[in-house]
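The coordinates should be kept open alongside the text.

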Amino acid sequence: MRSKNVAGIIACMILFTALTVYLAPSIIPSVAPVKASSRTITLVGTLVGGYTYYWNNSNPTITVAKGDTLTINLSSADATSHRLLIDFDNNGFGDTPDCTTGVDQCSATFPPSTSITFTVNYPPGTYKYYCTIHPFSMVGNFVVQAPDFGVSSNPSNLSILQGTNANSTIAVSSINNFAGTITLSAIASPLGPTTSFGTDPVMVSSGGTTTSKLTISIPQTTSPGPYSITVTGTNSSGSPSHTTTISLTVTKPDFSITSGPTSLSVAPSSSGTIAITLTSQNGFSGTLNLTATVSPSGPQVSLNPTSVSLTPGGSASSTLTVSTTASTSGYYSTPVAVSNGNYTVSVTASSGALSHSTPVSLTVGSTSSNPTGTPSLPLLPIAGAVIAVIAVIGTALFLRSRKH
């Protein structure tokens, strides 16, 4: 009985171990290895013009990044033998190509075909690759690019209100298998906005991208207008630094004033009204005092109410009333009628040093008349009377001449 229990325990342990081994890859996340790029290119020895051999007809430039794993597949378009050498020690091909130093990369002689695979761990620069059998015609450039990085911003255009802040994401990306630490800095031009990074410095892995949040703050005293923020990424290993620029517009709280409609026609000895609308812009809040003037003088203007309060993003209104009723300047003075014609009413809203106005076109009576202070006489009756007087005088003179 006891042996059966032991056997059962052992069987359970074996089953548990097997399940653990089977399920572990899906339960425990694996760590992905960091790898440089793997590239494959093809070179074919080709006879051009009937007597000259080239790689791929034109000896193309091969460009790779330091750290790449490169595979070169080699073949010949005919039965002619070729052998590839990449001259990493820069000793030239001459008459005795060198494939024994261990620095150069050499292939086996072909056809039919062959390949070589190696990791590009050579200093950045331009080297030569050639065929050891046809070195003077089958020769091209082999370029090893230096590891580098790039810096970008998103968004790259911001509009920020005085006394507030906004963010832009700074991305640092590996180029040509770059891996290392990048220190970030930011400068505003002209001075005024301030900046800070969420992460600085940042670590960049080969082929990867890392980000840092840039916060741009606008002090209340910063003047409105355009600014630029230049973000610079610097590598401590001595690689060239790189920058990205953010275009910034600083705005201040403001308001707008409009009339609806923008013109008004009023009959003599009458009145009319227009709505004046005030709207908060860029978070403006406060009390606006309203005034109205008319030019030239004559009509009477008033506003109700004469002050309004705005909340951020809100709007308010006041009613402009225009009266063309005859007015007096004193207790014993004679009422003066408002002349027909065109006038301009200006409505102004102000809050401290901030002030905006909107014009209203006013027409009193006939639009062909002009305000002069005295009514214009009708021309047609006057002309008729003058003609009648002339006719009477002429008739009298004629009859008098007949008597004599």
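Which residues does Thr 243 touch, not counting residues up to four places away in sequence? The first point takes up this question.

1. Thr 243 touches Val 151, Thr 230, Val 231 and Thr 232, with residues up to four places away in sequence not counted; contact here means heavy atoms within 4.5 Å. Thr 243 and Val 151 are 92 residues apart in sequence, yet their C-alpha atoms are 5.9 Å apart in space. Thr 243 lies in strand S18 (residues 242–251). Helices (H or I, at least four residues) and strands (E, at least two) are DSSP runs, numbered from the N terminus. Thr 243 counts as partly exposed because its relative accessibility is 47%; buried means under 20% relative accessible area, exposed over 50%, and partly exposed in between (1.4 Å probe, protein chains only).

2. On the basis of the note: this is a predicted model, in which local features need pLDDT of at least 70 and side-chain atom pairs count only at pLDDT 80 or more, while totals for chains, interfaces and linings use all residues. Residues are numbered from 1 along each chain as its sequence is written, and side-chain values use heavy atoms, with hydrogens and water left out.

3. Overall content: the protein has 2 helices and 27 strands. Of its 404 residues, 33% count as buried. Among contacts with a separation of 6 or more, 66% are accounted for by residues 24 or more positions apart.

4. Strand pairing around S22: strand S22 (residues 286–295) pairs with strand S24 (residues 307–310) in the antiparallel sense over 4 bridges, and Gly 286 stands opposite Leu 310 in S24. S22 also runs antiparallel to strand S26 (residues 341–351), to which 7 bridges join it; here Leu 290 stands opposite Ala 349. Two strands are taken to pair if DSSP finds at least two bridges between them.

5. Aromatic pairs: a search of the whole structure finds 7 aromatic pairs. Rings of Phe, Tyr and Trp (its six-membered ring) pair if their centres lie within 6.5 Å; planes under 30 degrees apart count as stacked, over 60 as edge-to-face and the rest as tilted. Trp 55 and Phe 110 form a tilted pair, at 6.4 Å centre to centre and 35° between the planes. This pair links distant parts of the chain, 55 residues apart: Trp 55 is in strand S2 (residues 52–55), and Phe 110 is in the loop between strand S6 (105–106) and strand S7 (113–119). Both Trp 55 and Phe 110 are buried.

6. Phe 88 is in the loop between strand S5 (84–87) and S6, whereas Tyr 127 is in strand S8 (residues 125–131), 39 residues apart. Phe 88 counts as buried because its relative accessibility is 6%, and Tyr 127 is buried because its relative accessible area is 7%. Ring pairs link Phe 88, Phe 118, Tyr 122, Tyr 127 and Phe 142 into a cluster.

7. Asp 104, in the loop between S5 and S6, is buried yet has no salt bridge; the nearest side chain of opposite charge, Arg 83, is 10 Å away. A salt bridge is a side-chain nitrogen of Lys or Arg within 4 Å of a carboxyl oxygen of Asp or Glu; for charge, Lys and Arg count as positive and Asp and Glu as negative, with His and the chain ends not counted. A polar atom of the Asp 104 side chain lies 2.8 Å from the backbone nitrogen of Phe 88, and one lies 3.1 Å from the backbone nitrogen of Asp 89. A polar contact is a pair of N or O atoms within 3.5 Å; within protein, one must be able to donate a hydrogen and the other to accept it, and residues adjacent in sequence count only if both atoms are side-chain atoms.

8. Ser 212: this residue is found in strand S16 (residues 209–217) and is buried because its relative accessible area is 2%. The side chain of Ser 212 reaches the backbone oxygen of Thr 199 at 2.6 Å. Residues that Ser 212 touches include Ser 168, Leu 184, Phe 197 and Val 202.

9. Backbone geometry: most residues other than glycine have a negative phi, and most peptide bonds are trans. A cis peptide bond joins Asp 200 and Pro 201, with omega about 0°; Pro 201 lies in the loop between strand S14 (194–197) and strand S15 (202–204). The bond from Asn 304 to Pro 305 is also cis, with omega near 0°, and Pro 305 is in the loop between strand S23 (300–304) and S24. Asn 57, in the loop between S2 and strand S3 (62–65), has a positive phi near 75°. Asn 282 has a positive phi of about 55° and is found in the loop between strand S21 (271–281) and S22.
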